[in-house]
Amino acid sequence: GRVPPPLAALSQVLRLERSRRTAIVFPLQKLERYLAPGTDTARFRLFQPGLAALQRAEALFRSDRGHPIYYVSSAVRMDHAPPPALPEVCFIGRSNVGKSSLIRALFSLAPEVEVRVSKTPGHTKKMNFFKVGKYFTLVDMPGYGYRAPQDFVEMVEAYLQARRNLKRTFLLVDGVVGLQKTDHIAVEMLEEFGISYVMVLTKIDRASRGVLLKNVLEIQEFVTESTQGCFPQLFLVSSVEFSGVHLLRCFVAHVTGNLPTVEAS
């Protein structure tokens with residue numbers, strides 16, 4: 001298998017000096033110091049697991065003989081989907097938002113797992129199911145927007161409405177450009193179906209601090225004022241630098257019921 005990239009493992013991150021370590025594990029907290037005095041930062045720290053929880057989550061994402069992580073199958077219709085036997089999370093987002101790259105980063109400690117990353121936007125045209133041992137399933141959904149498959153809406157709507165084992169939907173938003181019209185359509189769909197979801201800002205390594213801060217504050221305000229089913233804390237990630245990847249692994253482990261002691265809903 002491939003060698004995991006630097007900082008894919010928490011042990012590598014812990015060797016860094018403190019401010020760099022915080023920036024990798026809790027990138028949202030790094031932005032706090034640049035906020036205007038008096039800004040409410042409670043939503044920056046709703047999910048703040050300790051080291052033990054982060055390590056337990058990482059163990060779930062590290063494959064071994066007794067704990068295989070593998071691609072199960074792809075489906076274009078719900079009757080092709082594998083049985084809903086395990087807790088499940090799904091990742092949706094615009095084409096070219098970096099969804100497959102993020103999933104590959106999450107699975108970087110299981111280098112034998114093949115997550116195809118296309119240079120062509122809209123390449124993922126099926127629902128791709130990955131099994132994480134006996135603990136949970138992760139689903140990579142087709143991208144929407146530019147060059148999305150025509151039956152995207154039917155496929156995703158059917159999945160969201162029928163998948164009873166779905167514990168959380170991760171809606172990926174480009175951290176450089178913020179919420180787009182197609183993202184708002186996705187939010188409306190999730191809200192209409194009463195789906196619990198969380199927003200993940202991708203590609204934060206490509207955004208200037210000012211742009212990132214502006215997008216974070218605008219999206220947090222939108223989440224507070226205009227959503228019911230969205231977790232109030234945003235998750236910031238870079239699949240290149242591994243910022244936020246360790247925290248996101250921990251949140252996935254938590255919402256699938258594999259970290260019951262972490263306090264967050």
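Start by selecting Phe242, which is buried at a relative accessible area of 3%. Buried means under 20% relative accessible area, exposed over 50%, and partly exposed in between (1.4 Å probe, protein chains only). The model is predicted: local features need pLDDT of at least 70, side-chain atom pairs count only at pLDDT 80 or more, and totals for chains, interfaces and linings use all residues. Residues are numbered from 1 along each chain as its sequence is written, and side-chain values use heavy atoms, with hydrogens and water left out.

Stay on Phe242. Its phi is near 70 degrees, a positive value in a residue other than glycine. Phe242 sits in the loop between strand 7 (235-236) and helix 9 (245-255). Helices (H or I, at least four residues) and strands (E, at least two) are DSSP runs, numbered from the N terminus.

Next, select Lys203. Here too phi is positive in a residue other than glycine, near 60 degrees. The loop holding Lys203 runs between strand 6 (197-202) and helix 8 (209-226). At 14% relative accessibility, Lys203 counts as buried.

Now go to strand 3 (residues 127-132). Five of its six residues are buried, so the strand is largely enclosed by the rest of the structure. Show its partners; two strands pair if DSSP finds at least two bridges between them. Strand 1 (residues 69-75) runs antiparallel to strand 3, joined by six bridges. Look for Tyr71 opposite Phe130 in this pair. Strand 4 (residues 136-140) is also antiparallel to strand 3, with five bridges. Here Phe129 faces Val139 across the pair. In a regular strand the side chains alternate between the two faces of the sheet.

Follow the chain from strand 3 into strand 4. The two form a hairpin with three residues between them. Select Gly133 in the turn: its phi is positive, about 55 degrees.

Move to the loop between helix 3 (27-31) and helix 4 (51-60), where Arg33 is placed. Arg33 has 57% relative accessibility and counts as exposed.

Finish on Arg43, in the loop between helix 3 and helix 4. Arg43 is partly exposed, at 24% relative accessible area.
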